[in-house]
Amino acid sequence: MSSIAVATIINDDKVEFLCQPDETLLDILRNRLGLMGTKEGCGTGDCGACSTIMDGRVVCSCLVLGAEAQGRTIETIEGMANGSKLHPLQRKFIEHAALQCGICTPGFLMAAKALLEVNPNPTETQIRFWLAGNLCRCTGYDKIVRAVQDAAAEIRGETT
Amino acid sequence: MRYERPDTMQAATALLAGAEAKSFVLAGGTDLLVRMQNDDFEADLIVDIKAISGMAKVTETDDGFVIGAGVPSVALFEDTALVAAWPGVVEAANLIGSTQIQGRCTIVGNLCNASPAADSVPALVAAGAVAQVAGPSGTRDVAVIDIPTGPGKTSLAKGEIIQAILLPKPNARTGDAYLRFIPRTEMDIAVVGVAVNLTLNEDGTVIAARVALGAVGPKVILVDTAAKAVIGSKLEDVVLQALSESCSAACTPINDKRGTVAFRTQVAGVLARRAAQTAYTRAGGK
Amino acid sequence: MSFDATNSSKSFKSVGTRPLRPDGVDKVTGRARYGADFNMPGQLVARVLRSKHAHAKIKSIDTSRAETVKGVKAVVTAADLPDLTDGDPALFAVLDNCMARNKAMYDGHAIAAVAAIDEKAAKAALKLIAVDYEILPHVTDVDAATLPDAPVLNEAIFTQGVEPKSTRPSNIANRTEFGHGDVDVGFSHADSVVERSYKTEQTHQGYIEPHACVANCNPDGTAELWVCTQGHFVYRQVCADLLGIEVSKLRVTSSEIGGGFGGKTHVWTEPVALALSRKANRPVKLVMSRDEVFRASGPTSATSIDVKIGANKDGIITAATATLRYTSGPYADMWAELGAMTSFACYDLENVKTVGLEVIVNRPKVAAYRAPSAPMAAFAVESAIDELAQKIGMNPVDFRIQNVASEGTQSSYGPIYGPIGIGPTLEAAKAHPHMSAPLGKNQGRGMACGFWFNFGGQTCTDLNISADGTVTIAVGTVDVGGSRASLSLIAAEELGLSYDNIKAVVADTSTLGYNDMTDGSRGTFSTSMATISAARNAIEIMRHRAALMWDIPLGDVYWEDGHAHAAGTKHGNLAPLSVKDIAAEAGKTGGPIAGHSELVADGAGVSFATHICDIDVDPETGSSRVVRYTVIQDAGKAVHPSYVEGQYQGGAAQGIGWALNEEYIYGEDGRLQNPGFLDYRIPVCSDLPMIDTQILEIPNPKHPYGVRGVGETSIVPPLAAIANAVSNAVGVRMTHIPVSPPRILAALTDAKD
Amino acid sequence: MFDVKLWAGLQHLADNQKVVPIEARTIRELLRKMENQYPGLAEPIKGHVAVSINGVIYRNDWSQELPKGAEIMLIRRLAGG
């Protein structure tokens with residue numbers, strides 16, 4: 001197996017890496033680029049812990065080959081805050097106690113960010129179905145849904 | 001293992017035709033990468049077709065819609081003309097997996113994976129969709145129903161790639177719908193799937209019908225008896241009952257971790273009735 | 001040991017507020033480091049070879065070809081983990097489960113392991129390990145395993161606890177019995193009796209983070225282990241015992257933990273990683289795949305339970321019995337016993353008898369899962385209670401209130417209760433608007449009660465006051481759901497400081513004394529006690545320091561609101577000294593100021609909850625949806641109410657998943673059919689409604705702030721609450737969990753025929 | 001003098017007694033005397049026993065004093081999640 005050279009943009013930075021043809025984007029992020037905020041819960045696209053945003057769409061990075069990242073734009077949890085300023089979703093997740101163990105949190109934040117970019121005012125049902133690919137075993141989802149609703153309201157300028 | 005990303009369909013089919021051992025086409029990757037996680041997976045070649053021009057586009061033509069093999073399901077939903085024409089096909093495609101999967105998975109991949117439970121396949125079959133197959137010696141059109149031949153198996157020859165799905169322009173007063181049963185509200189594989197496509201005349205009588213079932217046999221089933229049961233009717237209760245019974249009768253399911261024979265058979269009939277009512281309404285029936 | 005833990009009711013300034021958790025920013029920015037997020041220089045990658053047979057004798061293992069693969073640095077089998085367990089059967093079971101010695105006992109049982117420079121080499125080596133198996137007959141079903149013609153899985157197991165002593169090996173490892181009174185007499189006084197058999201399927205804790213560790217054995221005999229665990233001190237003890245390492249030479253650091261729910265109270269692969277590291281003389285990282293997590297780590301028991309309850313026409317239960325069969329996997333354990341203890345704990349019964357039978361099967365070794373064994377027993381008992389209430393024409397909440405246990409009741413497992421909270425949760429349920437809300441067509445309402453023990457146990461806290469007056473607390477209980485926030489609140493409360501001045505960390509095993517695990521709902525309960533004790537010790541020192549700074553007698557210094565005060569007016573109205581003032585002078589008054597506490601937080605008490613749930617059932621497909629759910633539970637005192645609510649909601653959600661869709665499905669071949677999140681169906685976001693919570697605060701007399709453990713009880717009632725709701729919606733009694741759509745539809749079809 | 005109740009799993013190690021009368025001031029003394037009287041109990045007492053005093057369960061604190069007239073019971077040390 002020969003390595004493949006890949007040039008991509010990750011969190012606004014130009015990133016180049018070499019990868020094997022069977023390495024996933026998740027493997028690359030975690031093992032080659034040190035971006036370990038993206039988590040592996042299953043490796044088969046069933047838990048959403050590895051959610052990242054690729055060209056504006058949220059995807060499971062375990063189901064993307066590293067080689068496919070060529071020429072793409074990728075956002076991970078490490079790029080979500082603007083310097084020391086947390087994204088409203090990040091802040092609301094903490095405020096609403098929307099995380100317990102926190103392993104699913106980066107994936108939820110990526111997915112929720114993608115949601116609010118296409119739908120700034122989602123209903124509870126829309127939030128629940130959009131996030132159905134992100135498993136959380138601690139919270140029962142209640143506080144996660146509330147945090148997303150509250151962050152959406154703040155981004156729309158409706159609350160503090 | 002090699003990863004190739006050819007620019008042309010000729011190059012892609014040539015790569016596949018020339019491969020010495022196992023080779024795979026990569027579009028959305030949502031099935032292929034899952035298989036790659038398996039310790040027993042071995043492949044010599046993966047051909048990523050997304051760099052080939054036209055793969056990522058839905059094109060509306062005089063005859064209908066051409067859906068490229070690289071179009072993710074979510075993009076179908078974003079195409080308003082397609083949603084208006086074939087809402088059942090789009091809703092079926094949008095039931096595949098999570099939001100994350102939606103951003104990657106394709107209906108061509110869903111078809112080629114040849115799972116009996118594929119969500120989009122019954123809807124495509126009910127809609128009369130055609131697969132445009134490219135091969136080393138040119139292209140050919142194949143009815144979608146003739147692509148899968150059994151669980152995990154297709155009629156595609158070595159070197160062949162489905163480059164697009166062709167959906168016709170629906171006739172006037174046509175409506176389609178797809179319903180599936182899953183234990184949860186999301187993230188499951190269909191235990192039963194039913195697609196219904198109806199065309200009505202001006203007084204609301206069904207003049208054409210196609211009813212297709214998924215996950216109740218080794219491949220998708222087109223149920224002629226169900227179509228016959230509804231043609232000439234306005235979906236009166238007794239007709240719906242007949243539709244329901246003919247669908248249940250057409251099932252040849254298995255017991256497995258996802259459902260029992262009895263459950264699948266019974267629920268196929270229930271969903272057929274419900275899908276038919278939705279399709280009828282969408283076709284303008286009252 | 002002199003710490004006085006008696007509750008002294010007071011008004012709180014910090015406790016009961018909802019500040020931001022200290023690990024929040026790390027966790028929303030991806031910086032928090034979990035089990036798989038740690039690497040060491042020169043680290044190898046480990047993979048485990050697992051049995052694909054449910055039951056097989058291992059005739060031989062040939063690793064020679066695997067060892068020749070380029071990049072492979074070590075291959076281990078059971079031979080590399082010699083038996084040092086010294087006749088301790090529980091420890092031997094852990095060892096044999098880590099690496100099969102003579103027989104593979106279930107699909108997924110570890111047979112060998114490889115450490116290599118990369119995953120590719122490790123995988124290639126696994127394929128070259130040749131295992132010669134002799135396939136043996138297997139049994140996975142709890143009832144089938146107890147039949148006379150079942151294959152005997154362990155010739156050395158004879159049923160314990162029976163008279164006369166059993167003379168033939170059996171898959172029933174032990175029989176236990178609890179109760180009091182005379183049930184035969186009790187049933188003779190009953191006007192109505194419900195007698196039914198129930199079944200529940202095996203479920204998994206389903207934490208999203210797979211087990212992961214990095215092990216490093218040095219040639220000088222020291223070793224380190226970085227691991228996601230609920231109890232790093234316990235892991236240290238077990239690993240040291242199994243590998244023959246001196247306990248103090250093994251340093252275990254607990255990573256952030258991505259969920260445990262009991263499944264990370266038990267070692268699975270960590271001793272293997274250490275053995276590989278010892279053999280390869282390199283650090284080794286071992287991360288389980290999701291498939292391995294399901295096949296080879298901690299599920300709960302599958303059960304089969306017979307219940308009989310009788311009541312007179314006044315609604316008094318006259319007698320109750322239950323026989324509970326619980327699978328424990330391939331080794332004897334105590335899961336049925338726990339079920340037998342908890343089954344009738346909510347009720348005041350004159351005549352009660354429960355029998356637990358522990359059943360050996362070819363399934364993975366059972367581990368604790370949140371209130372282990374209680375949910376299944378509660379399902380059976382609370383279903384029968386509901387049916388009996390209907391039979392005698394009482395509403396289910398009144399019938400339960402009529403028979404509820406209270407202070408002075410002799411519990412069904414023996415002891416007499418002190419003050420307990422089951423009655424108040426039932427009264428709250430009765431008064432809750434949910435109970436009287438109208439139901440729609442095809443909807444049903446169910447309720448159920450649940451009981452679980454609270455643990456205390458060995459606990460330490462080190463509290464250090466920095467020169468600027470801020471405080472660090474180092475605790476030894478792993479934070480699984482926000483306990484660093486709760487414990488910071490506790491320290492702030494006791495010291496009279498603001499929450500922001502406290503920083504809590506989880507210490508590793510070399511920097512703090514031994515702590516029991518975060519299990520048995522003990523994390524916040526126990527460590528808050530140690531933290532209060534440590535803070536009081538620090539306050540004592542600060543009083544001394546203030547006396548020195550003022551040069552007045554110690555007896556004239558008292559502590560209030562975070563300040564040392566000089567008593568009375570005789571010292572010339574000295575301005576109170578803050579923690580900051582005292583800390584700033586610490587170097588001149590005797591050195592750094594700290595408070596320590598090493599204690600046993602015993603006397604934790606017991607915990608109760610009542611749940612109400614509404615379910616919508618599609619009678620044509622058997623599909624069901626939870627449309628409303630309410631949890632009512634006693635917290636003693638909610639330290640950080642958001643995270644108490646989180647425990648209630650999370651436990652309810654796990655119970656709902658268990659009740660509706662989660663189950664281990666075994667094929668005829670004894671292999672697990674659904675080792676993944678696709679077909680092991682835990683609830684997804686769109687499956688659930690908001691989960692309402694009501695926190696009752698009935699102070700625990702044995703905790704200074706009245707705190708009770710809250711972590712586990714919330715998973716106990718949902719199985720029964722859901723089953724009762726579905727039964728009420730469809731008019732057919734559901735007796736098999738999960739009440740999945742095929743089961744509901746089949747029950748409806750049978751009822752019609 | 002306390003009438004110490006044994007859980008069923010222990011009774012066969014104590015001549016099938018359900019209740020054993022013992023004079024003791026603390027849990028430690030209680031357990032020591034029970035071991036002396038029934039050596040078969042030594043093994044479970046080492047690792048599997050907890051003591052309930054008036055319904056409050058002690059798993060570790062063997063220095064706990066036994067209040068006059070208290071209800072004492074030996075129960076199984078439990079596992080939790």
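**Figure 1. Helix 2 of chain A and helix 3 of chain A are oblique to each other.** Angles under 35 degrees count as roughly parallel, over 145 as roughly antiparallel, 65 to 115 as roughly perpendicular, and the rest as oblique. The model is predicted: local features need pLDDT of at least 70 and side-chain atom pairs count only at pLDDT 80 or more, while totals for chains, interfaces and linings use all residues. Residues are numbered from 1 along each chain as its sequence is written, and chains are lettered from A and ligands numbered from 1 in the order in which they are written. Helices (H or I, at least four residues) and strands (E, at least two) are DSSP runs, numbered from the N terminus. The axes of helix 2 (residues 88-95) and helix 3 (residues 105-118) of chain A cross at roughly 130° and come within 10 Å. Axes are lines fitted to C-alpha atoms, for helices over the stretch in contact, and angles run from 0 to 180 degrees between N-to-C directions. The crossing of helix 2 of chain A past helix 3 of chain A is right-handed; a crossing is left-handed if the near helix is turned anticlockwise from the far one by less than a right angle, and right-handed if clockwise.

**Figure 2. Residues of helix 2 of chain A meet residues of helix 3 of chain A.** From helix 2 come A:Leu89, A:Gln90 and A:Phe93, and from helix 3 come A:Thr105, A:Leu109, A:Ala112 and A:Lys113. Two residues are in contact if their C-beta atoms, placed from the backbone, lie within 7 Å. By class, this contact has four nonpolar, two polar and one charged residues. Ala, Val, Leu, Ile, Met, Phe, Trp, Tyr, Cys and Pro count as nonpolar, Asp, Glu, Lys and Arg as charged, and the others, Gly among them, as polar.

**Figure 3. Chain C contacts chain A through 43 residues of chain C and 41 residues of chain A.** Helix 18 of chain C gives the most to the side of chain C that touches chain A, with eight residues. That side of chain C divides into 20 nonpolar, 16 polar and seven charged residues. Of the four pairs of chains in contact, chains A and C share the most contacts.

**Figure 4. C:Gly670 lies in the loop between helix 18 (641-660) and strand 26 (691-696) of chain C.** C:Gly670 counts as buried because it has 21 C-beta neighbours inside 10 Å. A residue is buried if 20 or more other C-beta atoms lie within 10 Å of its own, exposed if 12 or fewer, and partly exposed in between, with C-beta atoms placed from the backbone. Leaving out residues up to four places away in sequence, C:Gly670 touches C:Ala54, C:His55, C:Asp107, C:His138, C:Thr140 and C:Asn362. C:Asp107 is 563 residues from C:Gly670 in sequence, yet 7.1 Å away in space, C-alpha to C-alpha.

**Figure 5. Chain B is in contact with chain A.** The contact involves 22 residues of chain B and 25 residues of chain A. Helix 2 of chain B gives the most to the side of chain B that touches chain A, with four residues. Chain B and chain D do not touch, and their nearest C-alpha atoms are 26 Å apart.

**Figure 6. Chain B is divided into domain 1 (2-168) and domain 2 (174-282).** Domain bounds come from an automatic or database domain assignment. The domain centres, taken over C-alpha atoms, are 24 Å apart. Domain 1 gives 24 residues to the contact and domain 2 gives 26 residues.
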